Amino acid sequence: MNNIKAFVVGVSDYTEINANNLPFCLLDMNNFSQAIKVGLHVQERDIIHLGKSFNGVVSVERFWEELKHFIAELEEQATIIFYFSGHGTSTNPHYLALSDGFVKTQELIEVISKSRARNKVLFLDCCYSGNFSIAKSIKIDIEDSIDTFNGTGYAVLTSSNEQEPSFGDDIGSVFTNILCTAITNKFLSREGMLSLQDLQTWVKRALEIQTENNPNNPQHAIFRANMGGTIFLKTSDYAPYVREHYYLENNNFIIHSLDPLHNGSVKRYAAKVILKSMLKDEDIAKVTLEISRLLKHADIYKSEQQKYTYKNQKTNIIWVYFGFSEEDITNSNYYGIATWVDEKQNKDWWYRLSDKQQKIINNVHFKKNSLYTMLKKFMNENTISDIEAIEQLRQVRVQMLNTAENFGR
């Protein structure tokens, strides 16, 4: 599973520095640890806890001693998760408050960011925690692979901005409770992976809703990153659904492929079809009706869930994309698109006519592509080799990634 190493800190005893004790920070620490065990499958042996023993007392000396030892043991491919729940100062610069003193937030971020681990994530649940900065975003070199670039760097997600306190009570901190819900929310995962981008977006929005419902206690999460792409954290084993390929050939046409576009209660397909000869529009309508009969009980799905939902249902809508060659299908340059819908659908909607290229023929809506011939000629005259295309795509991709990384920084 994930090669995650976690450093989890919950400071609840502040007697020595005459600050209010925060007993719920111990609960935060336990909740967060449980969340990463359940949601990210982090092993207990891979979690360092500070504050779990000694009644919530965490000294500055012990903090740095344990953290430096933790960092020294890291492997290059590890992902660090650092979590802190406790007091934060309203000063500039910002400090995390420990039981007998303070740790400069910016120094902590820099120490973790320089560790050998490929990627690092810090979650700070304390007052005024948005008061920090990050180094300039890294850039990808054209010689680097996307895999090398993606996920390399560090990110910080905080419970509040630099002017706001963070709130909590006997059920734990608002931010930590939301964060734990996100980490264990299986619906945030895609193909068995949870992206840091989706995680922070969900947490930020949940806190915004919390603030809308509690305007006297505003709290806005802050996310900043010095990272290529995003980090993907494994949440479950994933076996992709193997979709069946539909192919049918007769004397007049080839159904080259069939894409399931099922939605709600409606079973829908997009069929890519190669015509073997030029046909009149009336004949294309006949072919469309023949295809609708062939696909009336088609069983092509994107997932097990789709299969479960639509397995025994007749097809309601079919879009037929007509071309005259494999090249047309590959280039998505279609001679025309026909639409067939059954009697249960709103034909006034699906068969509406908005320009002279569209017509209704024998209960089929057909739209001819007036640019088909011109586009086919253009594509034939402007085709480059696979090697040239790959190199151009590589350069564009690098430029896009670097632009995206700097956007909004």
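This report describes selected local features of a predicted model, from its salt bridges to its loops.

## Basis of the description

The model is predicted, and for that reason local features need pLDDT of at least 70 and side-chain atom pairs count only at pLDDT 80 or more, while totals for chains, interfaces and linings use all residues. Residues are numbered from 1 along each chain as its sequence is written, and side-chain values use heavy atoms, with hydrogens and water left out.

Helices (H or I, at least four residues) and strands (E, at least two) are DSSP runs, numbered from the N terminus. A residue is called buried under 20% relative accessible area, exposed over 50%, and partly exposed in between, with a 1.4 Å probe and protein chains only.

## Salt bridges

The structure holds 15 salt bridges, a salt bridge being a side-chain nitrogen of Lys or Arg within 4 Å of a carboxyl oxygen of Asp or Glu. One of them joins Glu44 to Lys37, with the closest N and O atoms 2.3 Å apart. Glu44 is partly exposed because its relative accessible area is 38%, and Lys37 also counts as partly exposed, at 26% relative accessibility.

Another salt bridge pairs Arg205 with Glu208, where the closest N and O atoms are 3.0 Å apart. Both residues lie in helix α6 (residues 196–213), three residues apart, which is about one turn of the helix. Arg205 counts as partly exposed at 40% relative accessibility, as does Glu208 with a relative accessible area of 32%. Arg205 and Glu208 also belong, together with Glu212, to a network of salt bridges.

The side chains of Lys368 and Asp281 meet in a salt bridge as well, at 3.4 Å from N to O. This pair links distant parts of the chain, since Lys368 is in strand β19 (residues 364–368) and Asp281 is in helix α7 (residues 281–294), 87 residues apart. Lys368 is partly exposed, with a relative accessible area of 27%, whereas Asp281 counts as buried because its relative accessibility is 10%.

## A patch of negative charge

On the surface, Glu16, Glu61, Glu65 and Asp100 gather in a patch of negative charge. Such patches are made of residues with over 30% relative accessible area and no salt bridge, like charges being joined within 9 Å and nonpolar side chains (Val, Leu, Ile, Met, Phe, Trp, Tyr) within 5 Å. The accessible areas come from the Shrake-Rupley method with a 1.4 Å probe, and for residues only the protein chains shown count as cover. Lys and Arg count as positive and Asp and Glu as negative, while His and the chain ends are not counted; the place of a charge is taken as NZ of Lys, CZ of Arg, CG of Asp or CD of Glu.

Asp100 counts as partly exposed because its relative accessibility is 33%.

## Buried positions

Helix α5 (residues 174–183) is mostly covered, with seven of its 10 residues buried. These buried residues are Phe175, Thr176, Ile178, Leu179, Cys180, Ala182 and Ile183.

Burial is also found in loops, as the following two residues show. Thr230, in the loop between β11 (222–227) and β12 (232–234), counts as buried at 14% relative accessibility. A polar atom of the side chain of Thr230 lies 3.2 Å from the backbone nitrogen of Gln197. Ser115, in the loop between α3 (105–113) and β6 (119–125), counts as buried at 7% relative accessibility. The C-alpha atoms of Ser115 and Phe70 are separated by 9.9 Å, although these residues are 45 residues apart along the chain.

## Backbone details

A cis peptide bond, with omega about 15 degrees, joins Asn92 and Pro93. Pro93 is found in the loop between β3 (79–85) and β4.

Two residues have a positive phi although neither is a glycine: for His41 the angle is about 60 degrees, and for Ser332 it is about 55 degrees. His41 lies in the loop between α1 (24–40) and β2 (47–50) and is partly exposed, with a relative accessible area of 28%. Ser332 lies in the loop between α9 (326–331) and β17 (336–341) and counts as partly exposed at 49% relative accessibility.

Technical notes
A polar contact is a pair of N or O atoms within 3.5 Å; within protein, one must be able to donate a hydrogen and the other to accept it, and residues adjacent in sequence count only if both atoms are side-chain atoms.
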